[in-house]
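Subject: Structure handover

Hello,

Here is the structure I promised to pass on. Please open it first, then read my notes below.

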Amino acid sequence: MNESTRDAFDQALDTREIRGRSLYIDAWHRLLKNKAAVAGLVVLVVMVLLVIVGPMLSQWDHEIPDWDHSSTPPSLETGHLFGTDAIGRDLFVRTMIGGQISLLVGLLATLVSLIIGVSYGAVAGYLGGRVDNVMMRIVDAVYAMPFMFLVILLMVVFGRNIFLIFLAIGAINWLDMARIVRGQTLSLKNKDFVEAARACGATEAQIIRRHIVPNLLGVVIVYVTLTIPQVILVESFLSFLGLGVQEPLTSWGALVNEGTQELETAPWSLMFPAGFLAVTLFAFNFLGDGLRDALDPKDRL
Amino acid sequence: MRSPVLKVRGLEAHFRVDAGSLFRHDYHTIRAVDGVGFDVFPAETLGIVGESGCGKSTLARTLLGLKRPSGGSIEWLGEELVGTREEFLRKKRREIQIIFQDPSGSLDPRMTIGEIVAEPLKTFYPSMSKLQIRERVIGILQLVGLLPDQINRYPHEFSGGQCQRVGIARALVVNPRLVVCDEPVSALDVSIQAQIVNLLKDLQKKLQLSLIFIAHDLSVVRHVSDRVLVMYLGRVMEVADRANIYHAPRHPYTRALIESVPIPDPVRERARARRSLQGDMPSPLDPPSGCVFRTRCPFAIDRCAAEVPRLELLDNGNQVACHRHHELPGEPWPENGADSKETSAP
C-alpha cells in the first residue's frame, strides 16, 4: 500500500474510531442465539423477581397459620393459591420464602467457593513446581474426606445455622473450582502474551491481575452457573435430612421434606416446591450449557 | 571501530529435565545454549539461523532475562546483566525488547490493541497521563502501518500480519535500542513476510535500532542481516558478514544450510546436485563429544570427536568453529555461490 492510497483511506475513514467487539460481546451474541439458554435466563430472572416480590404481594405470612384452613388444597376462594400445609400456613408464601433461601444459599456458597477456589488455583498454577504439588495434594486430601459426614458433624457441633451451611458447602465446592482454575492457569502462563508482558517489564502481580485472571473469567463464569444448582441441590438434600434451615424459615428442600410426609393427604404441598426447585435447576443448567458453548475456551483461548 | 551495544560471551542456558519414572528421579541437563558469544553493533542487524531446536529461541529469551542464564556474560552498553537483580533487569527491558513468533498468541485476547501497545508505557512510565499514552500509542500504530481508528479493536479481529504489526508496535513504543525478533515471520504467509521484513528494515533505519533477527529461513535472514550467526545444537558454528556467509561459507554446516535453500527456477533446481544433510539433529540430552556437528558432517575425522573446535577468526573476517575449515574446498557448490541473487529473499 503506497502513501497516497493510505492517505485516501485515512480520509475515507475520517479517522473515526471503530469500537471493537470484545470476546464477551461476541459470546453474548452467541448466547442470544441459543434458545434454551435464553429461556433459562428468562426463567431465572422471573424466578428471582417472583421469590422477592411474591411474599410482599400476598396477604399471608410464612410463619402465621391461617387457623380456618389447614391442609386445604389450592383454591382462589380461600386466597391460598398453592394451598396450605398441615398447620395452615400459606404454601405460596412459604414456597417463595423457601426459594429466597435456596437461591441465597446457592449464590453465597458459590461466591465463597469462587473466592477461595480462584485464588488458590491461580496461585498454585502460576507458581507451579513444588508449591503447586503441595497445594494440589492438600486439595486431594480434603477431597477424600466424606463431605456429608463432615457437614452433618458441623451441624451437630455448632447447631443449625444458615451461615454455617453457606460456609460448609462453599468450603467443599472450592475444591473443584481450584482444580479447574489451576489447569487453566497452567496453560495460560505458558502463552506468549504472558512472556510478552514480562518482557514489557510487568511484575508477577501485574501479570496475574492483568492477564491471567481476565482470561480465566470465561471458564469461571461457566463453572459458577453449573455450581449454583449443585449447591441448591446439596442444601435441599441437607434440608430433606432435617439438617438444613430451621423452622419457621424454610427452603425448597425443607418444603419437599414436609410435602413427602403428607404426600397421601396433601399432594400439593410436595408438588409446588418440588416443581419450583426442578424448574430452577433446569434453568441454571440450560444457561450454564449455553454459556459454555458461547464462551467456548477451545474457540479462542 | 564502533563499540558494540551488546556483548555476549560464553553464554550458557541449561535446563534440568527429569527423565525418570514416577518413583525415581533421573535428572539430565539440556544445554540449550552452550557457550555462545557475539557482538551486536549500533543500528546493525545480526541474523541468527539454525534448525528447529538448536537453541535460537532460548537464546532470545536469555538475552531478555526471561530465562536465567546458567553462565557466561551479557554486557549491555557496558553494564553486566547476568547475575543482577530482577528489578534491575526489569528496568533494562525498556532498552531491549522482543517480537514473538506467534503473532496472535503474543497478544492478550481480552485486551484491545490500544491497551496492548500501552502496557509497556504503563509499566515503564507510570507517571504518563492517559492522553500522553494515547498520543504515543496512536503515533506508534501509524508508524507500523495500522490505522489509528483500530485502537479499540481486539486481536481476533486482525489478520496474522496485522497482529505482528501490533507486536512490533508494542516492542517499539518504549524506544528500545535493541529488538530481538524471535522468528517474527515464520508464522506468516510469504507475501506478508515480505511486508513485515521490509517494515522492520524501514523502522530500523528510521529509529537507528539494533536488531537480532532469528529465523530458520536463510533467504529471509539474508535479506535483513548485516552479519549472520549460524547455530547448531546450542553452539555457534560460524559468524560472518552477509556476503561471506553466502559466497564463502567455511563451516560444513553453513554450506549444507545454504545448499538446502531451493532455487526458484525449476530447471536449475532439478539440475543441481543436492547433497542434503543426512540424519537428524542429535538429542540435546546427549550431545556428541567434541564437535557437535560431527555426527552429520561429511568431513568428520577422529579429531572432531576428541576435541571441541574453538571459534577461530579467519582472514576474511569469518569466525568458524571447525577443525578442518582450511582443508576443505573453498567453493564446493558453485551454483549457489554464482547465482546468489536468485536464492535471495522476497
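A definition to start with: two strands pair if DSSP finds at least two bridges between them. Helices (H or I, at least four residues) and strands (E, at least two) are DSSP runs, numbered from the N terminus.

Two notes on conventions. Residues are numbered from 1 along each chain as its sequence is written, while chains are lettered from A and ligands numbered from 1 in the order in which they are written. This is a predicted model, in which local features need pLDDT of at least 70, side-chain atom pairs count only at pLDDT 80 or more, and totals for chains, interfaces and linings use all residues.

**Strand 7 of chain B**

Start with strand 7 (residues 178–182) of chain B. Strand 7 and strand 8 (residues 210–215) of chain B run parallel and are joined by 5 bridges. Across that pairing, B:Val180 faces B:Ile212 in strand 8. Strand 7 also pairs with strand 6 (residues 96–99) of chain B, again in the parallel sense, over 4 bridges. There, B:Gln97 is opposite B:Val179 in strand 7.

Is strand 7 of chain B enclosed or open? Of its 5 residues, 5 are buried, so strand 7 is largely enclosed by the rest of the structure. (A residue is buried if 20 or more other C-beta atoms lie within 10 Å of its own, exposed if 12 or fewer, and partly exposed in between; C-beta atoms are placed from the backbone.) In a regular strand, side chains alternate between the two faces of the sheet. Both faces of strand 7 are covered. B:Leu178, B:Val180 and B:Asp182 are buried on one side, and B:Val179 and B:Cys181 on the other.

**An open sheet in chain B**

Chain B also has an open sheet of 4 strands, in the order 2-1-4-5, with antiparallel pairing. Strand 2 (27–40) and strand 5 (79–80) of chain B are at the edges; each has a single partner strand, so one side of each lacks a neighbour in the sheet. Strand 5 pairs with strand 4 (residues 71–76) of chain B over 2 bridges, in the antiparallel sense. B:Trp76 is opposite B:Glu79 in strand 5. Helix 1 (residues 56–64) of chain B lies across strand 1 (6–18), strand 2 and strand 4 of chain B. Helix 1 runs at about 70° to strand 2. (Axes are lines fitted to C-alpha atoms, for helices over the stretch in contact, and angles run from 0 to 180 degrees between N-to-C directions.)

Chain B has 12 helices and 12 strands. Of its 346 residues, 43% are buried. Its C-alpha atoms fill a box of roughly 65 × 55 × 50 Å along the principal axes.

Chain A has 12 helices and 0 strands. Of its 301 residues, 41% are buried.

**Where the chains meet**

**Confidence**

The model scores ipTM 0.79 and pTM 0.77. pLDDT is the predictor's confidence in each residue, from 0 to 100. Chain A averages 80, and 89% of its residues score at least 70. Chain B averages 84, with 93% of its residues at 70 or above.

Over residues 332–346 of chain B, pLDDT stays under 50. Where pLDDT is low, the predicted coordinates should not be read in detail.

Best wishes

How values were computed:
Contact = placed C-beta atoms within 7 Å.
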